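Have a look at the model first.

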Amino acid sequence: MDRINVSRLSFRRKGSHKKDKHRQEHFENSSEDIPRIKYISQTEAQSIDQQLFTEYAFSVDQLMELAGYSCAVAIAKCYPVEEMTKDNHAVLVCCGPGNNGGDGLVCSRHLKMFGYKPTIFYPKRPSKPLFEALYQQCEGMGMPVLSFFPSEAHLITDSYNFVVDALFGINFKAPVRPEFEPVMETLKKVESPICSIDVPSGWDIEKGNANGLQPEMLISLTAPKLCAHLFKGKHHYLGGRFVPRTLEQKYELNLPPYPGTDCVVELK
Amino acid sequence: MELAGYSCAVAIAKCYPVEAMTKDNHAVLVCCGPGNNGGNGLVCARHLKMFGYKPTIFYPKRPSKPLFDALYQQCEGMDIPVLSFFPSEAHLITDSYNFVVDALFGINFKGPVRPEFEPVIETLKKVESPICSIDVPSGWDIEKGDANGLQPELLISLTAPKLCAHLFKGKHHYLGGRFVPRTLEQKYELNLPPYPGTDCVVELKDTQEDGKA
């Protein structure tokens, strides 16, 4: 049988030929032999992002789209739309001033496509084209935007089936800015489930925050952060299925296999 | 483009599950044209790789625009090989690849096929591995089709099916590109079918001739 002789134009990266033995042995050996998924530091998280955007040539909006989409998919698995009975599947998405907020805007858009009724709270909008476009996309989908944050937690609990926390992510450095303090304090008292994107907002990326937000769901993006060890909620998912094999190997992330074509995988 | 290419990969994986693609360890060929359809193909190739397929790309005419440069570099970063020339004979493709993704020409195509691409299309017509066309079977008139053109087995229409899809005679027709805002859909009376749950693709049945979905 003839085979095509592949004459490669592309540079083959070192190490990529190594077989992922741990992946092959996953189902053969006992669980002790499988390398555990790595929980990464703030520096590692920032470096991985940098390399994705430079060496691997991804654009921020490209990966943000995949990240936000996977958050929406994970949320829908845990809080199916038919069960979200308050006010016709109403949900609140709180978006912060950085990339975590951008993930939230993308997530809202997909939640809307899935049949939820998202309302956005976005008090500090960066004047960068990426975020302006994401905001305009949400407007084009007919999503309401709150002009001020509800003053009392029970107002949120009564109106929204869950709250997506997309306030702060891996670039957060304590303390929380004054404009966001009241938001965080109110969210802590909300009884609807909180779904945090990547990092529970206000937590130290590595040490967590025992007095901080206690989300019911966490969607780690790319790889879980060290503070996720202190996550005590019900559902922990991994999303952002875009890490090239060589980058994963470089940081020894030991990512679990994603099922089939799913863009999320539950971490237990 | 990212959402479109991703939905193509998902639809393809539904029809041609990776475990069943036994030639050369899930090897597949992705043929990318000089425009946005080609870009969709590059995105699709990347996601197919994440799903466990072994894509090889054929990309003879690369536009010198940052978007396409970046998409190409992303494929390189995923160790996706690129063919330097198109196999001269159809059986070489049939023997080596479980299926071929046709991402050559899309909605901006105006016949006839350019000379550089003629031999590619002619060879693809003789390939026996299934052809999966992105948005429009390449070389078809967007509205009238082409009875003598490529006959793909799978068509993934993006956003909404094009008129020529009425003439599609293959096995699987999917709709992808789940990003159309309701107001836009209503403006054009697209009457899109509901996508199941959080799926980014939906199968379209009975879209031939009378056009009922």
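Glu252(A) is exposed, with a relative accessible area of 55%; exposed means over 50%, buried under 20% and partly exposed in between, using a 1.4 Å probe and protein chains only. Although Glu252(A) is not a glycine, it has a positive phi of about 50°. You'll find Glu252(A) in the loop between helix 8 (245-250) and strand 8 (264-266) of chain A. Helices here are DSSP runs of H or I with at least four residues, strands are runs of E with at least two, and both are numbered from the N terminus.

A word on ground rules: this is a predicted model, where local features need pLDDT of at least 70, side-chain atom pairs count only at pLDDT 80 or more, and totals for chains, interfaces and linings use all residues. Residues are numbered from 1 along each chain as its sequence is written, chains are lettered from A and ligands numbered from 1 in the order in which they are written, and side-chain values use heavy atoms, leaving out hydrogens and water.

Most residues other than glycine have a negative phi, and most peptide bonds are trans. Ala57(A) also has a positive phi, near 65°, but Ala57(A) is buried, with a relative accessible area of 11%. Its place is the loop between helix 2 (42-53) and helix 3 of chain A.

| Peptide bond | Omega |
|---|---|
| Ala174(A) to Pro175(A) | near 5° |
| Gly111(B) to Pro112(B) | about 0° |

Pro175(A) sits in the loop between strand 4 (163-166) and helix 7 (181-189) of chain A, while Pro112(B) lies in the loop between strand 3 and helix 5 (118-126) of chain B.

How do helix 3 (residues 60-78) and helix 5 (residues 129-140) of chain A pack, and at what angle? Their axes are 11 Å apart, at an angle of about 40°. That makes the two helices of chain A oblique to each other. Oblique covers whatever is left after under 35 degrees (roughly parallel), over 145 (roughly antiparallel) and 65 to 115 (roughly perpendicular). At the contact (heavy atoms within 4.5 Å), Val60(A), Asp61(A) and Met64(A) from helix 3 meet Leu130(A), Phe131(A) and Leu134(A) from helix 5.

Over in chain B, strand 3 (residues 100-103) and strand 4 run parallel, joined by three bridges; pairing takes at least two DSSP bridges. Val101(B) has Cys132(B) in strand 4 as its bridge partner. From strand 4 (residues 131-134), Ile131(B) and Ser133(B) point one way, Cys132(B) and Ile134(B) the other, and all are buried.

Conventions. Axes are lines fitted to C-alpha atoms, for helices over the stretch in contact, and angles run from 0 to 180 degrees between N-to-C directions.
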